Amino acid sequence: MNLIVSSENGKASSTDILNSTDTLTTKKLKKSETEHLLNRLVQDKWLNEKRGDYTLSTRCIIEMEPYIRTMYQDQVKVCHMCHDIAIQCQICENPTCGIKIHNPCVAKYFEGRAEPQCPACGEFWPHEIPEIGRPRSRSRR
């Protein structure tokens, strides 16, 4: 969790996770035990894995929110729009601003706006604006 929360992009590579087992102060894990644990955490939906990168799942963030806010209070920011924990998100590139906004919140905020500007500082928002997910329409028989 520490590697993911403290990363800039909310991800940790499997290599970094495996290498971090050497620094554990509690129980030392072998690499094979760490791999098994990672697979189990993905299977139980605590982590997501995509191409060797691990992220915290929605379940993990929701259920562990009090812990994350307490243990990582200096590292975790909240979404400027919804005020929930923002680990994977877009960040304003203005060094004096740096607000974080979840992708779905970005999509909602910038929908219909001609010029994407940071809602906090007004600078140009250089990131890709995701589309708002639309529910699929059911076909009638």
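## The β2–β3 hairpin and its sheet

Arg51 adopts a positive phi near 50° in the hairpin formed by β2 and β3, where two residues lie between the strands. The model described here is predicted: local features need pLDDT of at least 70, side-chain atom pairs count only at pLDDT 80 or more, and totals for chains, interfaces and linings use all residues. Residues are numbered from 1 along each chain as its sequence is written, and side-chain values use heavy atoms, with hydrogens and water left out.

Strands (E, at least two residues) and helices (H or I, at least four residues) are DSSP runs, numbered from the N terminus. Two strands pair if DSSP finds at least two bridges between them. The three strands make an open sheet in the order β1-β3-β2, with antiparallel pairing. Its edge strands are β1 and β2 (47–50), each of which pairs on one side only. Between β2 and β3 there are four bridges, while β1 is joined to β3 (residues 53–56) by two bridges.

The table lists residues that stand opposite one another.

| Residue | Opposite residue in β3 |
|---|---|
| Ala12 | Tyr54 |
| Ser13 | Asp53 |
| Leu47 | Leu56 |

Helix α3 (residues 31–43) lies across β2 and β3, running at about 110° to β2. Here axes are lines fitted to C-alpha atoms, for helices over the stretch in contact, and angles run from 0 to 180 degrees between N-to-C directions.

Ala12 belongs to strand β1 (residues 12–13). This residue counts as buried because its relative accessibility is 4%; buried means under 20% relative accessible area, exposed over 50%, and partly exposed in between (1.4 Å probe, protein chains only). Contact means heavy atoms within 4.5 Å. Neighbours within four places in sequence aside, Ala12 is in contact with Leu3, Ile4, Ile17, Gly52, Asp53 and Tyr54. Leu56 is 44 residues from Ala12 in sequence, and their C-alpha atoms are 9.6 Å apart in space.

The cysteines form a separate topic. A disulfide is a pair of cysteine sulfur atoms within 2.5 Å, and by this rule the count is zero disulfides. Cys105 is in no disulfide, and the nearest cysteine sulfur, that of Cys79, is 3.7 Å away. Cys105 is buried, with a relative accessible area of 14%. For Cys118, the closest cysteine sulfur is that of Cys97, at 3.7 Å, which is too far for a bond. Cys118 also counts as buried, because its relative accessibility is 4%.
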